[in-house]
Amino acid sequence: MSKLIKVGIIGCGGIANGKHMPSLKKVADCEMVAFCDIVPERAEKAVKDFGAQGAKAYTDYKELLADPEIDVVHVCTPNRSHSFITVDALHAGKHVMCEKPMAINSAEAKKMLDAAKETGKKLSIGYQNRFRDDSLYLKKEAEDGTFGDIYYAKATALRRRAVPTWGVFLDEYEQGGGPLIDIGTHALDLTLWTMNNYKPKYCVGTTYHKLNKDKNQGNSLGPWDTDKFTVEDSAFGFIVMENGATIVLESAWALNTLDYREAVTSVCGTLAGADMIDGLRINGIRNNRQYTLTPKLTSGGVAFNDGVRGESAADREERLWIEAVRNDTEPMTKPEQAYVVTQILEGIYTSAKTGDIYKF
């Protein structure tokens, strides 16, 4: 028999409405029974739009955590509160899916990791780009040894002019940073996961505030408030791993470039390489000739794909997360991995501020 999983949502803003709640609604034997937001109307609207019969609305997340019937909590709040809400939820006996990034710095992320180990509850971080068809295929090729030793990679999350103008995205205090911690984190997670390399040695980083004050913005998401844009508009990192592998990380919300791609990776190994420039492309040498392979990704065949044709990355992430809770298996996105992502992001920000190499 399938166990009915009861979920509580903490934070009913954009990411909850755009990703978590619609995708959870599609998961079998799972229902959302509690919603919390500091704006009462948001929680009440979520109850109406996504709640099971008898679902409750809260403004204090600790009241939600006090409900013993809730199995799982999704933390969808601004970055600054990820850590303490997650720690409280774990100690309240809930499994937790926390939206990315794990936390605003590695010290806060470590508290989350420690709490998961202490309580024995599951913790996962919302890196849904792993669950795309192209990402899963790339990962399987890496696991099969197609690329050999991956020693160079590029993690890319570049927007030409797409600065988020809602919520607290531009507030450094609430978010801990700008595009690096917002979208660069996706590209970095995807790259580390593909390489299966989580041992950084040192990094160098730069951040820029070159376009924050622009009045001639051309922003696809509407004009930003120049006085409130306190985070970087772009950030770049050069990361060297303990085994000598190199990763270049590019992130920007606003950059004068025509080469804009978001949450993609390129990997180069001793046997082959791959990129996501024009769909997933694998390149190598066979019989002394160069080849390029472009896999057809519309008919399943990759692990997690079979039997769920047309499933979006977000839907797949939520389904597999709930299945991990129900079946008491390890979630696909492990907190130990997300912790290393946070460490590297912190290293890049620190290097940018000090002008020095950051050693892990």
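Buried here means under 20% relative accessible area, exposed means over 50%, and partly exposed is in between (1.4 Å probe, protein chains only). You're looking at a predicted model, so local features need pLDDT of at least 70 and side-chain atom pairs count only at pLDDT 80 or more, while totals for chains, interfaces and linings use all residues. Residues are numbered from 1 along each chain as its sequence is written, and side-chain values use heavy atoms, with hydrogens and water left out.

**Stop one: the core**

Select L64, M102, L192, I239 and L249. These have the most contacts inside the largest nonpolar core, a set of 80 residues. (A nonpolar core is made of buried Ala, Val, Leu, Ile, Met, Phe, Trp, Tyr and Cys residues joined through side-chain atoms within 4.5 Å.) Now colour residues 179-195: this is helix α8, and its nine residues are the largest share of that core. Helices, by the way, are DSSP runs of H or I with at least four residues, numbered from the N terminus.

Next, zoom in on M102. Skipping its neighbours within four places in sequence, you'll find M102 in contact (heavy atoms within 4.5 Å) with several residues, including H82, M112, I125, Y127, P335 and Y339. Then pick C12, A16, V27 and W321, which are among the 22 residues of another core, lying apart from the largest one.

**Stop two: the charged pairs**

The whole structure holds 22 salt bridges. Each one is a side-chain nitrogen of Lys or Arg within 4 Å of a carboxyl oxygen of Asp or Glu. Show D133 and R316 for one of them, at 3.1 Å from N to O. D133 sits in helix α6 (residues 133-143) and R316 in helix α9 (residues 313-327), so this pair ties together parts that are 183 residues apart in sequence. Which of the two partners is buried? R316 is, with a relative accessible area of 1%, whereas D133 is partly exposed at 25%.

Keep R319 selected and bring in E323: their side chains form a salt bridge of 3.2 Å, N to O. Both lie in helix α9, four residues apart, about one turn of the helix. E323 is partly exposed, with a relative accessible area of 29%. To finish, show D133, E311, R316, R319 and E323 together: salt bridges that share partners join them into one network.

Methods. Helices (H or I, at least four residues) and strands (E, at least two) are DSSP runs, numbered from the N terminus.
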